Amino acid sequence: MVEFIDADLRDSRFEHVDLRGTRFRDSDLSGARFRGVALNGAVLSGVELVDVTIYGEIANLTINGVDVGPLIDAELDRRHPDRAKMRPTTAAGFREAWDTVERLWAGTVDRARHLDPALLHESVDGEWSFVETLRHLVFATDAWVSRAILGDPAPWDPLGLPWDEMPDTPGIPRDREAQPALDTVLALRRDRMSTVRKVVDSLTDEALDGHTRPVDAPGWPPARSFPVRDCLLVVLNEEWEHRLYAERDLARLLARD
């Protein structure tokens with residue numbers, strides 16, 4: 001065990017580090033930033049959480065004896081009435097959910113077009129730029145629809161963008177330096193969204209309850225079988241959450257423009 005006692009580690013950077021089972025006691029984490037960090041099973045006691053912002057997947061989170069997960073979900077559903085549609089249980093429900101995704105993203109893209117094009121490549125607080133967000137959704141569709149459901153072992157476009165913490169994988173592009181024009185990425189997005197549209201339009205409840213055939217090739221997701229329902233729910237969640245992030249950052253960019 002490595003021990004840091006009475007050590008000044010201010011402004012340290014931890015990246016691709018295994019800290020499972022680590023113990024923090026009488027430590028100051030004020031101003032710390034966590035991104036792509038797994039905190040599953042963490043226990044925090046005697047802590048101060050003031051002026052803290054958390055974005056992420058939250059389930060079975062107990063604060064002062066209260067499971068706040070259901071409270072958060074209920075409040076988010078209240079704020080965003082369409083959010084409940086992202087949890088469909090039938091083929092018809094998935095079609096309605098995709099209708100909603102298309103409608104909401106059309107409005108978001110329209111707002112983005114009112115910005116100076118250069119700002120669409122600008123990061124806000126270290127998050128993906130608007131164009132990078134669109135590129136990531138291309139990757140998500142390629143992974144969970146074209147590869148997992150439709151069986152294409154390598155559907156990747158050079159502009160697709162995996163999540164930052166994904167290990168480099170042979171054959172999967174990751175060009176963080178590319179700055180394609182908005183219309184270039186939107187054309188790619190339209191192609192991928194039309195792929196999802198074809199899948200959900202032909203979807204039956206029987207197919208929804210089925211499993212994918214494993215793809216015999218390295219890549220993402222892993223070469224194994226998945227419930228079709230889970231693959232489509234991943235895509236809906238990606239579309240929903242990243243649009244909200246994009247709206248949040250567009251609002252700040254519009255205020256500056």
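Trainee: Is Val2 buried or exposed?

Mentor: The model is a predicted one. In it, Val2 counts as exposed, because its relative accessibility is 66% and the cut-off for exposed is over 50%. Val2 sits in the segment before β1 (62-63).

Trainee: Which residues form a nonpolar patch on the surface?

Mentor: Val2 is one of them, and the patch also includes Phe4, Leu9, Phe14, Val17 and Leu39. Together the members of the patch have about 1200 Å² of accessible area.

Trainee: Which residues touch the most other members of the largest nonpolar core?

Mentor: Those are Trp98, Trp105, Leu120 and Phe130, in a core of 45 residues. Two or more core residues come from each of α2 (91-112), α3 (130-147), α4 (182-201) and α6 (228-256).

Trainee: What is Phe130 in contact with, leaving aside neighbours within four places in sequence?

Mentor: Its contacts include Trp105, Leu120, Leu182, Ala246 and Leu250.

Trainee: How is a pair of aromatic rings described?

Mentor: In one of them, Trp163 and Trp220 are edge-to-face, at 5.1 Å centre to centre with 70° between the planes. Trp163 belongs to the loop between α3 and α4, and Trp220 to the loop between α5 (205-208) and α6, so the pair ties together parts 57 residues apart in sequence. Trp163 is partly exposed at 27% relative accessible area, and Trp220 is partly exposed with a value of 27%.

Trainee: Which residues do ring pairs link into a cluster?

Mentor: The cluster consists of Phe139, Trp144, Trp156, Trp163, Trp220 and Phe226.

Trainee: Which parts of the chain does the salt bridge of Glu96 and Lys85 link?

Mentor: The N to O distance in this bridge is 4.0 Å. Glu96 lies in helix α2 and Lys85 in the loop between α1 and α2, 11 residues apart.

Trainee: Are Arg243 and Glu247 buried or exposed?

Mentor: Arg243 is buried, with 9% relative accessible area, and Glu247 is buried with 18%. They form a salt bridge whose closest N and O atoms are 3.3 Å apart. Both lie in helix α6, four residues apart.

Terms used:
Residues numbered from 1 in each chain as written. Predicted model: local features only at pLDDT ≥ 70, side-chain atom pairs only at ≥ 80, totals over all residues. Heavy atoms only, no water. Patch = residues over 30% accessible without salt bridge, like charges linked within 9 Å, V, L, I, M, F, W, Y side chains within 5 Å. Areas by Shrake-Rupley, 256 points an atom, 1.4 Å probe, with all protein chains shown as cover. Salt bridge = Lys/Arg side-chain N within 4 Å of Asp/Glu carboxyl O. Buried < 20%, exposed > 50% of the residue type's maximum accessible area, 1.4 Å probe, protein only. Core = buried A, V, L, I, M, F, W, Y, C linked by side-chain atoms within 4.5 Å. Contact = heavy atoms within 4.5 Å. Phe/Tyr/Trp six-rings, centres within 6.5 Å; stacked < 30°, edge-to-face > 60°.
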